[in-house]
Amino acid sequence: EVITYDMQTLQAHLLMPYPSSSGSSSAASSTTDAGAGAPDAAAGAAGQPPPAPMRSSYALAMSAAGTLVAAGTTESYIRLMDPRTGHKVMKLKGHTDNVRALLLNKEGSLLLSGSSDNTVRLWDLGQQRCVQTLNVHTDSVWCLAASPDFSVVYSGGRD
């Protein structure tokens, strides 16, 4: 799950619920006071136990304008959504293992991803596809940095 926190009101909101084993999603409108502990975002319908989480997010990135959030998952893909509405924008597939690092450019048009599959990928979000794959690591990629125009990319990993 991905949860957003409003640091001024100290409210937490479930931004990206994960579906239960039946395929339904938990309520996206759950809120809680941040000081009261974790939000009850996974609570099911009245009288039903909360659904078991099916996947995890290892990495998050947000566009400078705050209009796009990317989440790297343990299912080897990247989910992109609009944090203002909670709606899914797209899903990017290409990695073959956990996505552990993400970086969006200032405009929110390019995305770098690093994975446990030892690759760094550059995604063109307008085309919704990978435009370059860098095979420079011999083990998992854990972190990414780039120049403002993405002309220079830095990646760190276990190797």
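This briefing covers the fold, the surface and a few side-chain contacts of one protein chain. The model is predicted: local features need pLDDT of at least 70, side-chain atom pairs count only at pLDDT 80 or more, and totals for chains, interfaces and linings use all residues. Residues are numbered from 1 along each chain as its sequence is written, and side-chain values use heavy atoms, with hydrogens and water left out. The protein chain has 13 strands and zero helices. It holds two salt bridges.

**Fold**

- Strands are DSSP runs of E with at least two residues, and helices are runs of H or I with at least four; both are numbered from the N terminus.
- Read from the N terminus, the order of elements is β-β-β-β-β-β-β-β-β-β-β-β-β.
- A contact means heavy atoms within 4.5 Å.
- Of the contacts with a separation of 6 or more, 32% join residues 24 or more positions apart.

**Burial and surface**

- Buried means under 20% relative accessible area, exposed means over 50%, and partly exposed lies in between (1.4 Å probe, protein chains only).
- The chain has 159 residues, and 40% of them are buried.
- Accessible areas come from the Shrake-Rupley method with a 1.4 Å probe; for residues, only the protein chains shown count as cover.
- The accessible surface of the chain is about 8600 Å². Carbon and sulfur atoms supply 50% of that surface.

**Salt bridges**

- A salt bridge here is a side-chain nitrogen of Lys or Arg within 4 Å of a carboxyl oxygen of Asp or Glu.
- Arginine 84 pairs with aspartate 82 at 2.7 Å, N to O.
- Arginine 84 is exposed, at 58% relative accessibility. Aspartate 82 is buried, at 14%.
- Aspartate 139 pairs with arginine 158 at 3.8 Å, N to O.
- This pair links distant parts of the chain, 19 residues apart. Aspartate 139 sits in the loop between β11 (129-134) and β12 (141-146), while arginine 158 lies in the segment after β13 (153-157).
- Aspartate 139 is partly exposed, with a relative accessible area of 24%. Arginine 158 is exposed, at 57% relative accessibility.

**Threonine 73**

- Threonine 73 belongs to strand β5 (residues 69-73).
- Threonine 73 counts as buried because its relative accessibility is 0%.
- A polar atom of the threonine 73 side chain lies 2.9 Å from the backbone oxygen of tyrosine 77.

Terms used. A polar contact is a pair of N or O atoms within 3.5 Å; within protein, one must be able to donate a hydrogen and the other to accept it, and residues adjacent in sequence count only if both atoms are side-chain atoms.
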